[in-house]
Structure formats: C-alpha cells, structure tokens
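Hi there,

As promised, here is the structure I wanted to pass on to you. Have a look at it first, and then read on for what I found.

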Amino acid sequence: MSEEAAANVDMEKLVSLCRRRGFVFPSSEIYGGLSSCWDYGPLGVELKRNIKDAWWRTMIQERDDMVGIDSSILMHPRIWQASGHLEGFSDPLAECKSCHQRWRTDQFEGDHCPDCGGELTETQMFNLMFKTFMGPVEEAANTVYLRPETAQGIFVNFQNVVTTTRKKLPFGIAQIGKSFRNEITTGNFIFRSREFEQMEIEFFVKPGTDKEWFDYWLKECLDWYLKLGIRKEHLKLRQHMKDELAHYALDCYDIDYLFPMGWAELEGIANRGDFDLSQHAKHSGKSLSYYDEESKEQITPYVIEPSAGVDRAFLAFLCDAYAEEPDKDETRVLLHLHPDLAPIKVAILPLSKKENVARVAKDLYAELRHHWVTGYDDAQSIGRRYRRQDEIGTPFCVTVDFQSLEDGQVTVRERDSMNQIRVPIKELKTTLTAKLSGEDLFVLPPGGQIWKVEKGG
Ligand code: GAP
C-alpha cells in the first residue's frame, strides 16, 4: 500500500517542480553546477524557514525544559579528537580501476564496480570531515574542520548553559545549523549532499532514566512529522543493529520515510550515554559534571539525541504533499502542504486589472503582507492563477471582483477542497487567521453571515 503511494511521487517530477517554481536550484548553475550542492530559491527558502520555525516552536518555545544555542561552525580541532570524529568518522572507499568512479563499499554487495563491473582498488577508510586552514598559513597546525554535526557545539557549551540558565535535569539544548560532510556518494536530489542543515537536540537526563526518555523522544519526533501532515504509513521506526551503531551510541533508531527511491533515514534518535561529556571533560581538563541535588553527588548526565535533517524534512514534506488530480481535461497538480509550512499563505487575485478593482486588491495585499507571506497575481485567467497557487501549496486565494466594490466582500477559495466562500473584507484577516490555524472552513466569522459555499475552480 505504502510502496504504491511512493510510486505516485516521482523524484523527477518533484525535482522539475522545484526547479520550475523556484524551490530548489542546482548550485552554481551558470558554471555547470557543483556536484551535490543546492540553492534554495524564493519559495524554497520560505518552506525551509517554516520547517525550522515549526520545529523550534514545538521543540523549544512551547517547552520549559529546552533552550537553544547557535554555536560556530569552525571549532577547536581537539573537539573532533575528543568526539571520535577524527578517528572514526569515516566510510569505506574503493575506486574502480576501469572507470575511476569511487564507491562506498558498504553500500553494495560484491567486489566489482556496480557501474561498469571493473575491478576495485583495495578498500580504504576515508574521513568525511572537510578541512580548511585557520589564518593565512596553510600548515597542519592550522587545520580546522567544518563541523560534520551541530551536536558537538552543544556538548562543549553544556557548562555555559547550565550556569547561565540554571536548568535542572532533565533538560535539553537545541541547535539548528549547517553541517558539512565530504560524502563519497551523494544523490537523490537534496537527500544526501555535502552541505546540509541539521536540527539537533541534546537532551540531558539522569543515568538510569535514559531508556524512558529515549522512548519519549521517539514518540515526540514521530508526532512532529504527523502533526505537520506526513502520512503515518509513510513513516517507520528502524532500530540500528549492533554493528551499525555509531561509536558513541548505546542505542539508536532511525525514523525512515518512504522517499521516491524507497525507505531511507529522515531522522536519527540516539542514546549517546555519557560518551560526549566524559570525552570532552577528559580532553579539555574541564569538569562537565552536574551537581545532582537529590543524591548530593556530581554526576555526568546521559544524553538522548534526536537529530533531524532540514533538507530531508523538506524533501519528505514535499513528497507527501504532492498530488495530481484529474480536472476536466487537464491535471491539477497541487501541494497539500500544512498551512504552517506553505511558503505563501494567501494570494490576492484581482479578477480585473481595472483601476478600482486593482486598488482594493493592492490595499488588501499591502495589509495582509504584515501578517503573512502573501502573493499577488493578476496575469492570465483566474483558472490558471488558481493552478499556479495550487502547485506551490498556497492554502488560500482571495479574489477581488466588481461585486466587491459594491458589497465590500471578497471570495476566499480553499486549495484542497476548492470550496469558495464570500467574506466581508473587514473580516478577512480574522477569517484567514482562523483558517490558517486549522479551524473548520464553514465556521461563521464573528458577527458574520451565512456564507455561500460553492464548489468550483
Ligand atoms: N549528531 C548525530 C548525527 O549527526 P546522523 O544520523 O549522522 O546523526 C542526522 O545525521 C541527520 O542529519 C540525518 O538523519 C539526516 O536527516 C541528516 N543528514 C546526515 N547526513 C546528511 C547528508 N549528507 N545530506 C543531508 N542530510 C544529512
């Protein structure tokens, strides 16, 4: 059932829509592109920002046991020694002696090139961290790394946050930011790239309560995707096998999503034990322990880490929202994006370019822009304009017509049902606020009249 649903979302179609409508462009395109790097266009940047805002609101703002930070991308190189990344953050790499393509040998069976069948070189471990130099002298002593995860910026600030916020266990520190990995194989659009964004939480708990918190976070993370509209049957939890666990993990589950290329990791939730705080305390010589008032002892907290990829969430939300519906002789393409995620919340569409209609429409546009990202489109037929908004997931369109000049009302058309209702202009903001927050379409506005509900384009 779910496999069929995935086949419905073709990656090529999605990539083409993203390109055509300004969600995602290949990076450095006018120079021929740069492998596995992507630029987010005007609509993409809104969707991405909405994903991050929704995550921040749920995971930090609405909780009293969570705070955020924004640590630097370049950090002291000894951090990566302590964290184990210098030694262990590697993938097995081999090169084909015939076509010279490089492969991750843990990703396929057999010992020949998956492309041309050529003989492979011996497998070597390849460290995935990008290196650069701090300062003008390019020598080994000045090597620094672009962070491969945001997590370490949190661990090394643990004591700063405890001291400044006086948070008590259990509590979490969250961060959203760029990470970099010199992946051997990339692909599947924005699924695996060399520069990407992560939304990570390090949730510090008393040792012994970690299993319970681990289960708690599995559910919280899953619920976040469900609440924002991802279908249940497109998500599953997958526990890591012992030999698959990262060097720091006591236990780990992936939330897998049914992407067009199949089930693949959307987010990882790991029990990191006290590995990171202990390692940093050892390597820095600074205490990273926590005084537990209950037991009157210094303890090293355990950490539960939900780690999500912004770009993968972006892809999953788009895949799940994509739909094609028959519409007379044509096909209506639409994105059923949750209103919180939709790049444009409302579009103003004047039914005439005549000055008096346009003026009312422009005034509405100017007013609504204070509250939401608002679109304005007066080009071509109204049917085409609706289609353009459907294709980018705009939940509501507002049309202004000649009748609006007489009765002070406009038509609000809803994306998914295509239902239309007449709303007094002075109630428009209240109505849209209610509808964008998910209230029933047919609820009366305060002091409102019974709206005419029509089905139509
Ligand atoms: N701090 C733990 C950590 O980084 P991870 O499983 O390596 O764990 C977490 O990464 C998430 O980051 C993944 O579930 C994925 O969403 C995202 N991610 C990792 N590598 C990525 C890549 N090359 N491109 C895009 N997203 C990536």
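Let me start with strand S10, which is joined by six bridges to strand S16 (residues 302–309), with the two running antiparallel. Within this pairing, Phe204 faces Val303 of S16. Please keep in mind that this is a predicted model.

S10 also pairs with strand S9 (residues 171–180), again in the antiparallel sense, and here there are 10 bridges. One of the bridged pairs is Phe180 with Glu195, the latter belonging to S10. How much of S10 is buried? Of its 11 residues (195–205), 10 are buried, so the strand is largely enclosed by the rest of the structure.

Now for the chain as a whole. It holds 14 helices and 24 strands, and its C-alpha trace spans about 75 × 65 × 50 Å along the principal axes. Of the 457 residues, 51% are buried. If we take the contacts between residues at least 6 apart in sequence, 65% of them join residues at least 24 apart.

Gln279 sits in helix H9 (residues 275–284). Its relative accessibility is 17%, under the 20% cut-off, and Gln279 therefore counts as buried.

The next thing to view is a pair of helices. Two packed helices are described by the angle between their axes and the distance between the axes. For helix H2 (residues 11–21) and helix H10 (residues 310–321), the axes come within 11 Å and cross at roughly 105°. That angle falls in the 65 to 115 degree range, so H2 and H10 are roughly perpendicular to each other. Which residues meet there? H2 brings Met11, Leu14 and Cys18, and H10 brings Leu315, Leu318 and Cys319. The residues of this H2–H10 contact divide into six nonpolar, no polar and no charged.

Strands of a sheet pair through backbone hydrogen bonds, either parallel or antiparallel. Three strands make up an open sheet in the order S5-S4-S6, with antiparallel pairing. Strands S5 (102–104) and S6 (124–127) are at the edges and have a single partner strand each, so one side of each is left without a neighbour in the sheet. From one strand to the next, the twist averages 50°. Strand S4 (residues 90–95) is joined to S5 by three bridges, and the two run antiparallel.

Finally, a word on confidence. The chain has a mean pLDDT of 92, and 94% of its residues reach 70 or more. Where is pLDDT under 50? One such stretch is residues 1–5, for which the model has eight contacts beyond four places in sequence. Another is residues 441–457, where pLDDT is also below 50 and the model has 42 contacts beyond near neighbours in sequence. Where pLDDT is low, the predicted coordinates should not be read in detail.

Best wishes

Technical notes. Residues are numbered from 1 along each chain as its sequence is written. This is a predicted model: local features need pLDDT of at least 70, side-chain atom pairs count only at pLDDT 80 or more; totals for chains, interfaces and linings use all residues. Side-chain values use heavy atoms; hydrogens and water are left out. Axes are lines fitted to C-alpha atoms, for helices over the stretch in contact, and angles run from 0 to 180 degrees between N-to-C directions. Helices (H or I, at least four residues) and strands (E, at least two) are DSSP runs, numbered from the N terminus. Angles under 35 degrees count as roughly parallel, over 145 as roughly antiparallel, 65 to 115 as roughly perpendicular and the rest as oblique. Contact means heavy atoms within 4.5 Å. Ala, Val, Leu, Ile, Met, Phe, Trp, Tyr, Cys and Pro count as nonpolar, Asp, Glu, Lys and Arg as charged, and the others, Gly among them, as polar. Buried means under 20% relative accessible area, exposed over 50%, partly exposed in between (1.4 Å probe, protein chains only). Two strands pair if DSSP finds at least two bridges between them. pLDDT is the predictor's confidence in each residue, from 0 to 100.
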